[in-house]
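Me: I would like to go through this model with you. Could we start with the backbone details?

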Amino acid sequence: MTAAATSAHAPNPDETPTATALIVLADGTVLKGRGLGAETKAVGEICFNTSMTGYQEIMTDPSYAGQIINFTFPHIGNVGANPEDVETQMVAARGCILNLDITEPSNWRSAQHFDAWLKANNLPAIAGIDTRALTRRIRDAGAPNGVIVHQADGLFDIPALVAEAKAWPGLDGMDLAKDVTCHQTYHWEGGLWRIAGGYQAAPKPRFKVVAIDYGAKQNILRCLADAGCDVTVVPATATTDDVLRHQPDGVFLSNGPGDPAATGQYAVPVIRDLIARDLPIFGICLGHQMLALALGGKTRKMGLGHRGANHPVKDLETGKVEITSQNHGFEVMAESLPADVAITHRSLFDDCVEGLAMKSKPVFSVQYHPEASPGPQDSHYLFHRFVENIAKSKAK
Ligand SMILES: NC(=O)CC[C@H](N)C(=O)O
């Protein structure tokens, strides 16, 4: 792997006098590089993301809990880091893998070098890795479990690191929502960011929405507020009564990390109850997967997953193609969905189910991230569709 993984453009890690960081995979593969960020170690699933922008939003997306992110784009750090572009205050990704050293920041919003940001968040990073070769490996053999370790003295105990990577159970069957959800119910304040004036106050709300937080990205809450929702966020383990206590006009099911089948153990019965009460429901990513489970469908782990900011998705009702932001490693199995569920969106990369809707109720979801952050805003219309569904159901 090491020889094949070294391209003419990437610094050859074997020529590094002393590697100060390693990626050690469960099969014993060792990738050597230069340590960045915090001097620490983490174990997780290694996945790749192809976005050219938004590394800070990606690192703070709670859906990346349990994962180490291999960035295929080489210029990471070029806009620095700032206190605004975060999707949560509690960083859940476990580290990142880079081809080049962190680029010097050059942006009017930069408040910190990305390396300092990684250190402040106790995240290890490694540079000098042929990230594209690692991506090809993930494409061909699936996402491996591995350890990322940054240690300035370079004295690594490789057999112990291999053993640690092997011992990690992997994301299949893992519930991580309980680690990243809020612990207390709170009211969301604030609308979208605009170039003039930064974060806006949300417009006057029209409807009350309860958002169940399995690891919600903040930009989703901003998009809901911007579309006219008064958003109350409840923890992942909220019961049906905990949700109904707020007398919602609609319910939102958030994105989140881990395996939907494991998280669904406690979340799915609540979602099923809420469907039975005819509440308008909108789910994103993990929320979409658990909605499918609540409707009687099944999910499975994907080989390489979808992570990037330019994934084409076709809206099967209108025939329109949206360019979407994505981050998922599990998918809904089309053949498992019951007759009352229509598949509304499909990936143009691999035909995977990217959206579904009940035919008989105002309940729908998408696998991708319409809030973007980072990514194109083609799919913001879905937040307005949810609000229209609420308006229609209230008018009945
Ligand atoms: N962004 C998400 O909500 C991810 C959902 C789920 N953890 C997956 O990997 O498929």
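Me: Where does P374 lie?
Reply: P374 lies in the loop between β19 (363–366) and α10 (381–395). Helices (H or I, at least four residues) and strands (E, at least two) are DSSP runs, numbered from the N terminus. Residues are numbered from 1 along each chain as its sequence is written. This is a predicted model, in which local features need pLDDT of at least 70 and side-chain atom pairs count only at pLDDT 80 or more, while totals for chains, interfaces and linings use all residues.

Me: What kind of peptide bond joins S373 and P374?
Reply: The bond is cis, with omega about 5°.

Me: And what is phi of C285?
Reply: Phi of C285 is near 55°, a positive value in a residue other than glycine. C285 sits in the loop between β14 (281–284) and α9.

Me: Which residues are around the ligand?
Reply: C285 is one of them, and the others are S63, N255, G256, P257, G258, L286, N327, H328, G329 and F330. A residue counts as near a molecule if its C-beta atom, placed from the backbone, lies within 6 Å of it.

Me: Which strand gives the largest share of that shell?
Reply: Strand β16 (residues 321–332) does, with 4 residues.

Me: How do the shell residues divide by class?
Reply: There are 4 nonpolar, 7 polar and no charged residues. Ala, Val, Leu, Ile, Met, Phe, Trp, Tyr, Cys and Pro count as nonpolar, Asp, Glu, Lys and Arg as charged, and the others, Gly among them, as polar.

Me: New topic: at what angle do α8 and α9 pack?
Reply: Helix α8 (residues 260–276) and helix α9 (residues 286–294) pack at about 65°, with axes 8 Å apart. Axes are lines fitted to C-alpha atoms, for helices over the stretch in contact, and angles run from 0 to 180 degrees between N-to-C directions.

Me: What are the scores of the model?
Reply: It has ipTM 0.97 and pTM 0.94. The mean pLDDT (the predictor's confidence in each residue, from 0 to 100) is 95, and 96% of the residues reach 70 or more.
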